[in-house]
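Welcome to this tour! Keep your viewer open and your selection tool ready, and we will go from stop to stop together.

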Amino acid sequence: MTTTQHSSSPTATADLDIGVSGMTCASCVRRVEKALGRVPGVTAVSVNLATERARLSFAGPPDARAAAQAVEAAGFHAERREFDLSVTGMTCASCSGRVEKALNRLPGVDSASVNLATERAHVVAFAGSLDTADLVAAVEKVGYGAVPVTQGGEQAEEELRADRSRRELHHVLIAAALSLPLLAGMAGDLFGADWMLPGPVQLVLASVVQFWLGARFYRAGWNAVRAGAGNMDLLVALGTSAAWGLSLYLMLTAHPGHEPHLYFEASSVLITFVLFGKWLEARAKGQTAAAIRALMDLRPATARLRRDGVETEVPVERVRVGDHVVVRPGERVPVDGRVVEGSGGVDESMLTGESLPVDKEPGARVTGGSINGDGLLVVETTAVGTETMLAQIVRMVEGAQASKAPIQRLVDRVSAVFVPAVLAVAALTLAGWWIVGGDLEVAIVTAVSVLVIACPCALGLATPTAIMVGTGVAARHGILIKDAEALERAHALTAVAFDKTGTLTEGKPRVTDLIPADGTDGETLLRLAAALQAGSEHPLAHALRDRAAAAGLAPGSAGDFRALAGRGVAGTVAGRRLQLGNARAVAEAGLQPGALAAQAEELSASGRTLSWLIEVGETPRLLGLVAFGDTVKESAVTAIASLKAQGVEPVMVTGDGQGAARSVAAALGIERVFAEVLPGDKAAVVATLKGEGKVVGMVGDGINDAPALAAADVGIAMATGTDVAMHSAGVTLMRGDPRLVAGSIDVSRRTYAKIRQGLFWAFAYNVIGIPLAASGNLSPVLAGAAMALSSVSVVVNALTLRGWTPPQNEPKTGDLQ
C-alpha cells in the first residue's frame, strides 16, 4: 500500500473510505492515487490493491461524489452499496423531505430517496464509506426512527404495521368518547337546551385528549423544531394548543357567575379528526402495497424434495440448484426449474397475467409461484431464493414503488417552504384580526383555523400512492415497470418502434409453401425433406417435422447425415442421396431453378426463406422448393389498432427487404417501416424518430435490441427474450403479447392522471381553504375535519386504479405475406 501526502496540514481532517474495482497492478494504484490527490480538499490518499479500498483525508467535509467521479474518470469503478431502511414517525411531505436531506448530507452517500407512502428510505452509498448504523443515526438525529429492512422481514414489518393500526384505532375511539361530551353544548343549542358541561369538567376531558392522545403531535413537532424545520404535527400542536390555552385563559379570568364561551371542544375534536384521518390514511396506504403482498404470498414455505427415490418435505430455503422437487396437482411450484418428469397445465396468471394454463412437458421451464394444475411434475431446480423470477419481480416492483417521479421534485420544493409559509399566514391572520377587530379571542380562533386546515400530507402522498398502486396493478397483469421515471415518461409516448422478429411475430419459422419440381409430388417432397432433417435441432428442421406430422406422415430418418457449412445439410434417405440447401448449394450442384425460378423470386421478395431439395448422383436434379415464413402473433393486429386508438404511431423496424417489410406492415396496419436495418443500426432509427420531436418507445427482445432500448425514451422488453434486453428496458412485459405495449401506455396514462388529480386537489384544497380560514369563514372544527379528509381522499382516489385491466380485444391472426 502506498500513500501520497499533501503539503497542507489542516488542524481538522475527515477520512473517507471508498471501494475501487478494476485495479490489477501497482500502476493502477498510482493512477487512482493521482486522480484522488487532485480532488479539492484532499490532504492524503492511501490506496490498497489487495483490499481494493482507497482512504482519503479531507481538510473539511469529505466530498464522496467528487472522489467517485475522479476514480471513474481514471478508468476504474467506485463500488456502491444499496441500503433500505424502514422509517417511522413521518407524517407529511416535510418529514420525508427532512429525512432525505439528512441522508444525502452524509459523507459517502451517492443518493437517497425517501417514500412517504411506503415509509421506506433507499440509499445508494459508496462501498466502505459508511454502514447501516450511520444511516440510522442520521435519521434519528432529525427526530425519526429507522431500522434496516432485512430479507424475509416483511412479515414482521406487516405485523408491526397491524399492531400500530390497532393502537391508533383505539386512540381514535377514546378521543371520540372524550370529545362527544364536549359537543353536548353545541347539540343543546339546536334544541334550545343548555347541555354545556361545567368549565372544569371540560378542562379535564380536553386535557386528556390534548396531552395524552395528542402527545404524538408535540413529540414530532418538537423534533421538527430542533431540526430547524416544520411539519404537519407542528401545525396541529400549535393550533390545538392555542385553542386549549385560550379556553383555559377565558375560564380562569371569567367573572364569577359568568360562563364564558370556551373552545375546549375545538381542540379535542380537532385532535380526534386528525387521529381518525391518520388511521384511515394508514389503512389506505396499506392497501396500496397489496400487489407486493400478493406476489410475496406466492412463495411456498416448503418444498417436497426427491432424493434417492425418497420424498421429504423441507423448508424451501434448504433447496439447492440441481435438486429434484416433486409438485403435486394443485400445489404451487416452490422454485424455478425445468420439468424432468410428468406433464400438465400450469397456471402462471399471477406472474404473467395469462389466464389460461400453460402446458408443460419434460424440458419445459416452470416458474416458482405458479400453480400446478392436473399432473404430477418433477422439477429440476435451476434457481432458488433471490435468484428466482418471482424474487426478481418483487425487487423490480419494490424498486419502482420506492423511486420518485420527476414531478415529485416540484412537490418536494413546495413542501420545503409550506409549513413556514403557513406559520407566516397564521401570524398575519392573528395580527390582522386583532388590529382591525380589536378582539384577541376572535383573532386567535381564526389563526387556529389557518393552522389546522393547512395540510402538507396530501401533497406528499399524491405521487407515491398513485405510483404504488399503478406499478402494483401493472405487475399483476404481467407489466413490470422499472421505476417511476419510466412510468411517467410512458404516458407521453407518441411513437412506438417494434423490432419485428419475436415481438410482432412468433420468431419461429413454419413451412408456408411446398413447390415440387416436375416428376415429384408435394407429399414426396415433404417426406424426403423431413426425413433428411429428422435428427437436426435447427428451427427450419423443427418446422419441417411439424408440417410432416400435421400431414400425417412418418418420414423416417436419414443416414450419413452431415451439415454443409454455409449451404445446408446432406444425407441418405431410402437409398437416395439428398441435399437440402440454399441457392449456393443449387449452383454448386450445377443446377438451375428452371421452371421454379419465377415462384422462387416471388417468395423471396415476400420475405420467405427458401430451401431447395436436391437429389445428387451421376445426374443431379431438383426435387422441389420448400419456403419458410414467420407467423404474426395472434394479438399483433389488435395491438397495433390499440396503439393507434391511443394516438401513438406504430413503427416497424426489420432487416427484411423493402418488399417483404411493406407486405408485413400492410397486414398489421403499420404505415411507417424502416427496412433493411442492420442490428447495430436500430438505435439510429430511434434517434431519427426522436429527432422528429417524437417521444419514442422501443419494443424488442434480443441482445442486439439493447442499445435501441436504452436509446429510447422508454425501452419495452419482452421477458421471452434475453436478460440483456430486460436490463436495458424501463418496462418488461412478462409474456410475449404485444397488446401489453398498449396496456403499459394505458396504465401509465391512468396513473399519471391520478397523480395530477391528487396534486390538483392537494394544491386547490390549500389555495381555497387557507384564505377561507384566514377570512374567518371556517371554524376550527370544520377546518380540522377538512384537513383530516384531504389526505384520505387523495389516497382513496389513487386506490381506484386497483380495478385497472389492460385493454383486451378479440385477437386476430395472420401469416407474413
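Start by selecting strand E31, residues 714-718: five of its five residues are buried. Buried means under 20% relative accessible area, while exposed means over 50% and partly exposed lies in between (1.4 Å probe, protein chains only). Helices (H or I, at least four residues) and strands (E, at least two) are DSSP runs, numbered from the N terminus. Before you go on, remember that this is a predicted model, where local features need pLDDT of at least 70, side-chain atom pairs count only at pLDDT 80 or more, and totals for chains, interfaces and linings use all residues. Residues are numbered from 1 along each chain as its sequence is written, and side-chain values use heavy atoms, with hydrogens and water left out.

Now colour the two faces of E31. Val714, Ile716 and Met718 sit on one side, Gly715 and Ala717 on the other, and all are buried.

Next, show the neighbours of this strand. Strands of a sheet pair through backbone hydrogen bonds, either parallel or antiparallel. Two strands count as paired if DSSP finds at least two bridges between them. E30 pairs with E31 in the parallel sense over four bridges; select Gly697 and you will find that its bridge partner in E31 is Val714. Strand E32 (residues 731-733) also runs parallel to E31, joined by three bridges. Here, Met718 stands opposite Leu733.

Stay in this part of the sequence and select Glu649 and Lys694. They form a salt bridge, with the closest N and O atoms 3.8 Å apart. Glu649 lies in strand E28 (residues 649-653) and Lys694 in the loop between helix H25 (682-691) and strand E30 (696-700), so the pair ties together parts that are 45 residues apart in sequence. A salt bridge here is a side-chain nitrogen of Lys or Arg within 4 Å of a carboxyl oxygen of Asp or Glu. Glu649 is partly exposed at 26% relative accessibility, and Lys694 is partly exposed at 21%.

Which residue does Arg672 meet in a salt bridge? Select Glu692: the N to O distance is 2.6 Å. Arg672 belongs to strand E29 (residues 672-674) and Glu692 to the loop between H25 and E30, so this pair ties together parts that are 20 residues apart in sequence. The relative accessible area is 24% for Arg672 and 39% for Glu692.

Move on to another sheet. Six strands form an open sheet with antiparallel pairing, in the order E21-E26-E25-E24-E23-E22. Its edge strands, E21 (510-516) and E22 (559-564), each pair on one side only. On average, neighbouring strands of this sheet are turned by 20 degrees against each other, direction ignored. Zoom in on E23 (residues 568-573) and E24 (residues 576-581), which run antiparallel and are joined by six bridges. There, Ala570 has Gln579 in E24 as its bridge partner.

Axes are lines fitted to C-alpha atoms, for helices over the stretch in contact (heavy atoms within 4.5 Å), and angles run from 0 to 180 degrees between N-to-C directions.

For the last stops, select Arg562 and Asp560, whose salt bridge has its closest N and O atoms 3.4 Å apart. Is Asp560 buried or exposed? Asp560 is exposed, with a relative accessible area of 56%, whereas Arg562 is partly exposed at 39%. Finally, select Arg65, Glu72, Arg80 and Asp110 to see a network of linked salt bridges.
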